[in-house]
Amino acid sequence: MINEKNLYNWAKDIFPIYRSITGEGVRKTLKYIKYKVPNLKIKSIPSGKKVFGWKIPLEWSVKDAYVKNSKGKKVIDFKKNNLHLVSYSSPVNKKIKLNNLKKRLYFLKNQPSAIPYITSYYSKHWGFCLSFNKFKKLKDGNYNVVIKSKFKKGVLNYGEVIIPGKTKKEILITTNICHPSMGNNETSGIVVTTALAQWISKTKNRRY
């Protein structure tokens, strides 16, 4: 049975899963959806394959990422909020002065308490995101930057449900699942689309 409480609980389950365009977080999310919608087919496309004008990127994973100040305190910590890391960041382990670190930091002045979401799928890059309020509190000195990430030839996964009707005409309902911690997009979108798939599958005398 689909009700408001169920949808909210689904959102609570998938919101913490760290997802990017490829990787284990995407697979975990698709497995969760398949538990709700058993006729979901989980498909994959290998890294490097050309799809129209697009090339499937390498599979990316991250174990940890943080920035420590000169006193050894973590001032930016991926494990506290996964939005802190620019998605697809290259591995890094080095000390850097604040002026150079600032070139790798992203924030929103017009939303000073928010942490933006930034990606770098197609070029080698690394960086961190933080609130503008936190950025203003950074003090001069040396910072230790660590990003424990990996790239490998893998796959891009996606899910597909085909629910047949009386005609061959189709209505496409789609949602992204590649962004983490996005309540108004890749959480609500997944939840509502999953609920629609359940509801339509149980509807009799479907036309499309």
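Mentor: A crossing of two helices is left-handed if the near helix is turned anticlockwise from the far one by less than a right angle, and right-handed if clockwise. The model here is predicted.

Trainee: Which hand does the crossing of α1 and α5 have?

Mentor: The crossing in which α1 passes α5 is right-handed.

Trainee: What describes two packed helices?

Mentor: The angle between their axes and the distance between the axes. In this model, the axes of α1 (residues 4-14) and α5 (residues 183-202) cross at roughly 130° and come within 9 Å. That angle makes α1 oblique to α5.

Trainee: Which residues of α1 and α5 meet?

Mentor: From α1, the residues are L7, W10, A11 and I14. They meet E186, T187, I190, V191, T194, A195 and Q198 of α5. Sorted by class, this contact has 7 nonpolar, 3 polar and 1 charged residues.

Trainee: Now the largest pocket. How much space lies in it?

Mentor: About 1,300 Å³. The pocket is lined by 41 residues, and G159, E160, V161, L172 and I173 are the closest to its centre.

Trainee: Which element gives the most to the lining of the largest pocket?

Mentor: Helix α5 does, with 6 residues. Elements that each supply at least two lining residues are α2 (24-36), β10 (155-160) and α5. So much for the elements; the classes come next.

Trainee: How many residues of the lining are nonpolar, polar and charged?

Mentor: The lining of the largest pocket has 26 nonpolar residues, along with 9 polar and 6 charged ones.

Note on methods:
Residues are numbered from 1 along each chain as its sequence is written. This is a predicted model: local features need pLDDT of at least 70, side-chain atom pairs count only at pLDDT 80 or more; totals for chains, interfaces and linings use all residues. Side-chain values use heavy atoms; hydrogens and water are left out. Axes are lines fitted to C-alpha atoms, for helices over the stretch in contact, and angles run from 0 to 180 degrees between N-to-C directions. Helices (H or I, at least four residues) and strands (E, at least two) are DSSP runs, numbered from the N terminus. Angles under 35 degrees count as roughly parallel, over 145 as roughly antiparallel, 65 to 115 as roughly perpendicular and the rest as oblique. Contact means heavy atoms within 4.5 Å. Ala, Val, Leu, Ile, Met, Phe, Trp, Tyr, Cys and Pro count as nonpolar, Asp, Glu, Lys and Arg as charged, and the others, Gly among them, as polar. On a 1 Å grid over the protein atoms alone, a cavity is a set of points where a 1.4 Å probe fits but cannot get out, and a pocket is an open set with protein on both sides within 12 Å along at least five of seven lines; lining residues have an atom within 4 Å of a point. Grid points are joined across faces, edges and corners, and a volume is the space filled by probe spheres set on the points.
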